[in-house]
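Reader: Could you walk me through how the labels on this model were reached?
Author: Gladly. Let us look at it together and take the labels one at a time.

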Amino acid sequence: MAFSDSLTSPSRLHFLGWERPALASAADLLLDERQKADLSDLSGIAVALPGARAGRRLRELLVEKAKARGIALVPPRILTGGAIPELFYTPARRPPPALASRRAWAAALGTLSAGELRVLMSRPPGDGDQPAWLALAGTLETLHRELGADLLNFRHVAEGCGGGLLFDDAPRWQILARVQEDAMARLERAGWEDRERARSRALDAPWDGDAVPPLPGELWLIALPELPRVATEFLGFVPESACSLRVLVNAPGEEAEGFEPDGTLRIEHWAGREVSLGGARLRVVGGPAEQAAVVVDELRRLAPGISSRDVVVGVVDPGLLPFVRQR
């Protein structure tokens, strides 16, 4: 049975509610799951969380709660949702060092003609401007990672650019696709394997439990409102008999219709949801600088009773981030 089938089982889903912080509730459940006498051995569990900070906080909570219970703790393996695929396959080759990968992309860009470069950008870097070429390579590498999370490459984008759009950007993406393929070939000739390529090849191959790293007995997805497509593909790829799944949702059970079986959000359910905010909770100000100042004022007001790990600042417009960070 694949994960995608087992997720339909209600026993796999646990709704944490909104009365307590999700990580505190999750830590209690984890300790209860494996506590025997004076030991809670979580070594057979892998836990996937939204980010590294959440992982650090869960580890702190597990230590604190184990100490309060007077028991010893063997912690679980903690990772982010984006790292789920690497639980379930072994790359044929080592991934390249960051600088080697960046240089492969820069070298691939260097093979383009002046005309091809002008299709990509109005003012390409000069021949001797190595930092600029590496910066451009880094931009393409980031785009390569972002598309790879959805199991796409530059050629997929090129193929989808022409139909029904106001502007046909296919020529630009066709050039980028050749650059991408060249960069991947350079890495392979050097004995490395790019992570996105390795993931794609693993999904294309039949499941072979003997060819994967030692699997955790269980994988817990905790408070993950979204997952990259590549992660969900691996969850459907791995047999349930190889590694069982638990899903902890940061909501009460009455909100079950708003979540997919893997704990991610059903967007259409929440898109029309009215959020009740009283007037006392709204601050209307002039612009980005004023908004950032209000954020700092609110943090200062809260500061005597909380720490930074108790606060999340959500920014709807990414353009506001530099102002908030600076303040």
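Author: The crossing of α2 and α3 is right-handed. Bear in mind as we go that this is a predicted model.

Reader: What makes α4 and α6 roughly perpendicular?
Author: Here the packing angle is about 105°, with the axes 8 Å apart. Angles of 65 to 115 degrees count as roughly perpendicular, and therefore α4 and α6 get that label. On the α4 side the contact includes S101, R102, W105 and L109, and on the α6 side W133, A137, G138 and H144 are among the residues taking part. By class, the contact of α4 with α6 has eight nonpolar, four polar and four charged residues.

Reader: How do you know that W105 counts as buried?
Author: Buried means under 20% relative accessible area. W105 has 0% relative accessibility, so W105 counts as buried. This residue lies in helix α4. Leaving out residues up to four places away in sequence, W105 touches A137, L140, E141, H144, F154, V179, Q180, A183 and M184.

Reader: Where does W105 stand in the largest nonpolar core?
Author: That core has 30 residues, and W105 is one of those that touch the most other members, along with L109, L112, L120, F154, W173 and V179. Two or more residues each come from α4 (98–109), α5 (114–120), α6 (130–148), α7 (154–160) and α8 (170–189). The most come from α8, with nine residues. Apart from this core lies another, of 25 residues, among them L87, L219, V230 and A231. In soluble globular proteins, nonpolar side chains tend to be buried together.

Reader: Why is α9 called roughly parallel to α10?
Author: The axes of helix α9 (residues 195–204) and helix α10 (residues 229–237) come within 11 Å and cross at roughly 30°. Angles under 35 degrees count as roughly parallel, so the label applies to α9 and α10. Their crossing is left-handed. R199, A202 and L203 in α9 meet V230, E233, F234 and F237 in α10. This contact divides into five nonpolar, no polar and two charged residues.

Reader: And what makes R201 partly exposed?
Author: Buried needs under 20% and exposed over 50%. R201 has a relative accessible area of 42%, which falls in between, so R201 is partly exposed. R201 is found in helix α9 and touches E188 and E193, not counting residues up to four places away in sequence. R201 and Y89 are 112 residues apart in sequence and 9.7 Å apart in space, C-alpha to C-alpha.

Notes
Residues are numbered from 1 along each chain as its sequence is written. This is a predicted model: local features need pLDDT of at least 70, side-chain atom pairs count only at pLDDT 80 or more; totals for chains, interfaces and linings use all residues. Side-chain values use heavy atoms; hydrogens and water are left out. A crossing is left-handed if the near helix is turned anticlockwise from the far one by less than a right angle, and right-handed if clockwise. Helices (H or I, at least four residues) and strands (E, at least two) are DSSP runs, numbered from the N terminus. A nonpolar core is a set of buried Ala, Val, Leu, Ile, Met, Phe, Trp, Tyr and Cys residues joined through side-chain atoms within 4.5 Å. Buried means under 20% relative accessible area, exposed over 50%, partly exposed in between (1.4 Å probe, protein chains only). Contact means heavy atoms within 4.5 Å. Axes are lines fitted to C-alpha atoms, for helices over the stretch in contact, and angles run from 0 to 180 degrees between N-to-C directions. Angles under 35 degrees count as roughly parallel, over 145 as roughly antiparallel, 65 to 115 as roughly perpendicular and the rest as oblique. Ala, Val, Leu, Ile, Met, Phe, Trp, Tyr, Cys and Pro count as nonpolar, Asp, Glu, Lys and Arg as charged, and the others, Gly among them, as polar.
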